[in-house]
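Hi there,

Here is the structure I promised to pass on to you. Have a look at it first, and then read on for what turned up in it.

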Amino acid sequence: MPPSSSAPIGPKDLGVLIEDERLPAGREDLLEPLDPHSQRERLLVAIAEASAEKGYTATTIADICATAGVSRATFYELFKDKDDCFHAAMELSLADAMGGIVAVYSPDKPWAKMVRDAARSFLELLASRPTFARMAMIEAPSAGGRSYELYASGKRVLQSLLERGRDDPMEEEAIPSSAARAALAAAESLIVGQILAGNTERLPELLPDVVYITTVPYLGQEEALRQAREAERERTAADS
Amino acid sequence: MSARRRTAELARPPEGRRREHWRPPRGRHRLPPEVIARSQRERLLAAAIDVVAEKGYAATTVADLTKEAGISRTTFYEMFEDKGACFLAAYEAAVDVLTRRVATAFEAEQGWLARVRAGLEALLSSLAAEPRLARLALVDVGSAGPAAQRRYRAALQRMTPFFDEGRDYAPNGRALPANTSRMAIGAVIGLIVDEIEEGRTERLSELLPEVLFATYLPYLGPEAAAREVGEDAAPAGK
């Protein structure tokens with residue numbers, strides 16, 4: 001096995017990464033599952049649902065309030081405006097996604113195993129929250145402002161984790177520095193396509209594809225194919 | 001209308017300069033009504049690209065579009081139901097032009113490596129020559145709602161056959177994941193979008209080695225991909 005697949009990630013790396021990006025890092029302070037009695041949380045679900053239906057740009061505060069069954073006055077008590085509400089919903093999504101990655105992360109874990117586990121956690125999270133998946137993966141990238149920044153930060157954390165696969169200095173010359181960014185874009189495009197096609201619940205089935213594309217730049221084709229098979233074996237074993 | 005003509009209509013000069021659109025002579029003219037309608041539609045589609053590129057989709061109004069195209073509000077609503085429908089039509093026209101250019105370049109070459117290289121070169125140079133078109137086709141479309149997003153996905157799908165040939169070319173082709181082509185396209189488009197966002201649209205052609213690597217990589221593995229990109233990039237090469 002190439003050295004990069006077995007090299008552990010430095011102990012503090014992930015926490016530092018998340019902190020550097022000022023991302024919400026845990027689930028502890030968040031209600032999980034979402035509390036239907038909380039008007040705030042109903043509004044967060046509602047903005048995700050309304051923007052999934054007509055796009056974030058076209059979504060109005062009236063849409064959000066109607067979907068949530070919350071008055072306009074209450075909306076403005078809780079949020080400054082539509083962007084503010086969207087940002088809060090994105091924070092919730094990011095906290096879940098980062099929480100999922102922190103949960104599978106261990107400093108002693110080999111890089112390839114970490115990628116398999118993180119990819120599975122991420123796909124399963126998206127599948128379990130279809131409306132938030134759509135919001136975070138499709139609406140946020142084009143929303144602009146602070147919500148876009150959250151999305152971009154989350155992506156940078158994933159990119160830094162992938163780049164740990166490149167710890168063999170011999171490889172520096174061999175592959176372009178954009179390899180991790182390109183691999184993430186590849187996986188993202190596949191995920192977004194499935195969400196738009198209405199297959200969000202089946203996203204975990206993409207695990208071997210995602211593991212292959214994110215490991216192939218660093219591990220080579222044969223080892224990446226092996227990692228993809230291994231990821232699928234782990235996933236189906238956990239399911240049954 | 002020929003593809004070339006539409007291309008010319010949609011082509012934009014570099015940022016900053018406003019191109020004058022051809023308009024039918026004012027007053028009582030003898031152009032047949034369908035010719036006038038067609039030119040109004042073309043102006044409107046070109047205007048949609050300009051205005052959305054400048055103001056963003058959300059801030060664009062029907063009034064902006066009619067003003068830029070020099071047509072009346074009534075004429076606008078005879079052609080399109082709303083801003084969204086007009087944007088989608090402009091989008092389709094832009095994607096048609098791009099896809100045709102890529103296909104022509106791809107098909108002119110022999111062998112998958114050379115075909116993909118030519119296709120990607122055509123894609124990058126087309127986008128670099130028309131920054132507004134590039135932004136509309138790949139960036140602004142994301143904020144234009146679910147219908148536009150579905151068109152965008154469909155447009156990406158149209159590139160699949162160019163990549164799928166890599167599966168036949170690759171020694172390991174049959175063992176590759178089912179979605180290899182989709183992911184390779186996603187990587188290429190992702191790299192291009194990042195350049196556009198960074199304001200480097202006009203220098204997109206410089207991105208060729210990286211998009212080639214991202215394309216070859218899943219089919220050939222990193223070593224062979226780097227080797228093929230290197231050979232392509234060598235000055236002695238084509």
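The axes are lines fitted to C-alpha atoms, for helices over the stretch in contact, and the angles run from 0 to 180 degrees between N-to-C directions. Helices here are DSSP runs (H or I, at least four residues), strands are runs of E of at least two residues, and both are numbered from the N terminus.

Please keep in mind that this is a predicted model, in which local features need pLDDT of at least 70 and side-chain atom pairs count only at pLDDT 80 or more, while totals for chains, interfaces and linings use all residues. Residues are numbered from 1 along each chain as its sequence is written, and chains are lettered from A and ligands numbered from 1 in the order in which they are written.

**A helix pair in chain B**

In chain B, the axes of α2 (residues 33–55) and α5 (residues 83–107) come within 9 Å and cross at roughly 100°. These two helices, α2(B) and α5(B), are therefore roughly perpendicular to each other. Two residues are in contact if their C-beta atoms, placed from the backbone, lie within 7 Å. On the α2(B) side the contact is made by L44(B), L45(B), A48(B), I49(B) and V52(B), which meet C86(B), F87(B), A89(B), A90(B), A93(B) and A94(B) of α5(B). Sorted by class, the contact of α2(B) with α5(B) has 11 nonpolar, no polar and no charged residues. (Ala, Val, Leu, Ile, Met, Phe, Trp, Tyr, Cys and Pro count as nonpolar, Asp, Glu, Lys and Arg as charged, and the others, Gly among them, as polar.)

I71(B) sits in the loop between α3 (62–69) and α4 (73–79) of chain B. Is I71(B) buried or exposed? It counts as buried, because it has 20 C-beta neighbours inside 10 Å. The cut-offs are these: a residue is buried if 20 or more other C-beta atoms lie within 10 Å of its own, exposed if 12 or fewer, and partly exposed in between, with C-beta atoms placed from the backbone. Leaving aside neighbours within four places in sequence, I71(B) is in contact with Q40(B), R43(B), L44(B), T66(B) and F76(B).

**Chain A**

Chain A has 13 helices and zero strands. Of its 240 residues, 48% count as buried. Among contacts in chain A between residues at least 6 apart in sequence, 71% join residues at least 24 apart.

By class, the contact of α3(A) with α8(A) has five nonpolar, two polar and three charged residues.

F132(A) and M135(A) turn up again beside S93(A), which touches F132(A), M135(A) and A136(A), not counting residues up to four places away in sequence. S93(A) lies in helix α6 (residues 82–104) of chain A and counts as buried, with 26 C-beta neighbours inside 10 Å. S93(A) and A136(A) are 43 residues apart in sequence and 7.0 Å apart in space, C-alpha to C-alpha.

The other pair involves α7 (residues 111–128) of chain A, a helix of 18 residues. It is mostly covered, as 14 of the 18 residues of α7(A) are buried. The axes of α7(A) and α13(A) come within 10 Å and cross at roughly 50°. That makes α7(A) oblique to α13(A). The contact joins A112(A), R116(A), A119(A) and R120(A) of α7(A) to Q227(A), E230(A), A231(A), E234(A) and R235(A) of α13(A). Its residues divide into three nonpolar, one polar and five charged.

**Where the chains touch**

How many residues of chain A are in contact with chain B? The count is 33 residues of chain A, in contact with 33 residues of chain B. Helices α8 (130–143), α11 (179–196), α12 (207–219) and α13 (221–239) of chain A each supply at least two residues of that side of chain A. α11(A) gives the most, with 11 residues. By class, the side of chain A that touches chain B has 21 nonpolar, eight polar and four charged residues.

Happy exploring!

Notes. Angles under 35 degrees count as roughly parallel, over 145 as roughly antiparallel, 65 to 115 as roughly perpendicular and the rest as oblique. The expected span of a helix is 1.5 Å times one less than its number of residues.
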